Amino acid sequence: SGDTEFLRMHSFLFKRFRLDCPWYVIAFLAKSVVLALVPVLPEVSLQFCTMAVVVLATLCINSRLAPWRIKEANDLDTFLGAVFLMVLVSGALLVERSDGKTLGLFAVVVIVMGIVGIF
């Protein structure tokens with residue numbers, strides 16, 4: 001009775017995702033929390049790097065595992081994540097003050113995550 005009551009009470013979290021990906025709820029909420037806390041970071045380039053890493057990580061997870069129950073939701077989430085990442089990288093080019101070390105680290109992280117996402 002306890003398990004069914006728990007699932008009924010928290011069904012708004014679990015019903016969106018496939019049954020074999022219940023952990024994606026935590027990843028989805030963690031992404032939202034991290035993106036909401038990004039403006040607290042002191043440096044603009046660090047904000048861009050953090051946002052890009054989070055968006056790219058969730059984009060790789062979403063495209064690899066397709067956690068949403070509906071195929072169109074997976075496709076839409078992947079498309080919107082890619083568009084958001086392109087807008088984010090385009091906006092990063094407009095930052096006047098930037099630390100070369102942070103941007104170098106950003107480039108390395110993006111390349112590594114892209115390679116890991118391919119495989």
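Visitor: Let's start at the largest pocket. Which helices each supply at least two residues of its lining?

Guide: H4 and H5 do, each with at least two. Helices (H or I, at least four residues) and strands (E, at least two) are DSSP runs, numbered from the N terminus. Before we go on, this is a predicted model, in which local features need pLDDT of at least 70 and side-chain atom pairs count only at pLDDT 80 or more, while totals for chains, interfaces and linings use all residues. Residues are numbered from 1 along each chain as its sequence is written, and side-chain values use heavy atoms, with hydrogens and water left out.

Visitor: What counts as a pocket, and how much space lies in the largest pocket?

Guide: On a 1 Å grid over the protein atoms alone, a pocket is an open set of points where a 1.4 Å probe fits, with protein on both sides within 12 Å along at least five of seven lines; lining residues have an atom within 4 Å of a point. The volume is the space filled by probe spheres set on the points, with grid points joined across faces, edges and corners. Here, the largest pocket holds about 170 Å³.

Visitor: Which helix gives the most to the lining of the largest pocket?

Guide: H5 does, with 6 residues. The lining includes Leu 76, Asp 77, Thr 78, Leu 80, Gly 81 and Phe 84, along with Lys 31, Val 55, Thr 58, Leu 59 and Asn 62. By class, 5 of the lining residues are nonpolar, 4 polar and 2 charged. In that sorting, Ala, Val, Leu, Ile, Met, Phe, Trp, Tyr, Cys and Pro are nonpolar, Asp, Glu, Lys and Arg are charged, and the others, Gly among them, are polar.

Visitor: How many residues are in the largest nonpolar core?

Guide: A nonpolar core is a set of buried Ala, Val, Leu, Ile, Met, Phe, Trp, Tyr and Cys residues joined through side-chain atoms within 4.5 Å. The largest one here has 9 residues: Val 38, Met 51, Ala 52, Val 55, Leu 56, Leu 59, Cys 60, Leu 85 and Leu 88. Helix H4 (44-65) and helix H5 (71-92) are the elements that give two or more residues to this core. H4 gives the most, with 6 residues. Apart from that core lies another, of 5 residues, among them Phe 17, Cys 21, Tyr 24 and Val 25.

Visitor: And what about salt bridges? How many does the structure hold?

Guide: Side chains of opposite charge can pair when their charged atoms come close. The cut-off for a salt bridge is a side-chain nitrogen of Lys or Arg within 4 Å of a carboxyl oxygen of Asp or Glu. This structure holds 2. In one, Asp 20 meets Arg 18 (2.8 Å, N to O); Asp 20 is exposed at 52%, and Arg 18 is partly exposed at 28%. In another, Asp 75 meets Lys 71 (2.7 Å, N to O). Those two residues both sit in helix H5, 4 residues apart, about one turn of the helix. Asp 75 is partly exposed, with a relative accessible area of 40%, whereas Lys 71 is exposed at 57%.

Visitor: Where is Val 95 found, and which residues does Val 95 touch?

Guide: Val 95 is in the loop between H5 and H6, and counts as partly exposed because its relative accessibility is 22%. Val 95 touches Val 44 and Phe 48, again not counting residues up to four places away in sequence. Val 95 and Phe 48 are 47 residues apart in sequence, with C-alpha atoms 9.7 Å apart. In the loop between H4 and H5 you'll find Arg 69, partly exposed at 47%. The C-alpha atoms of Arg 69 and Leu 19 are 8.3 Å apart, across 50 residues of sequence.

Visitor: How many helices and strands are there in the protein chain?

Guide: There are 6 helices and 0 strands. Of the 119 residues, 24% are buried. Among contacts with a separation of 6 or more, 65% come from residues 24 or more positions apart.

Key. Buried < 20%, exposed > 50% of the residue type's maximum accessible area, 1.4 Å probe, protein only. Contact = heavy atoms within 4.5 Å.
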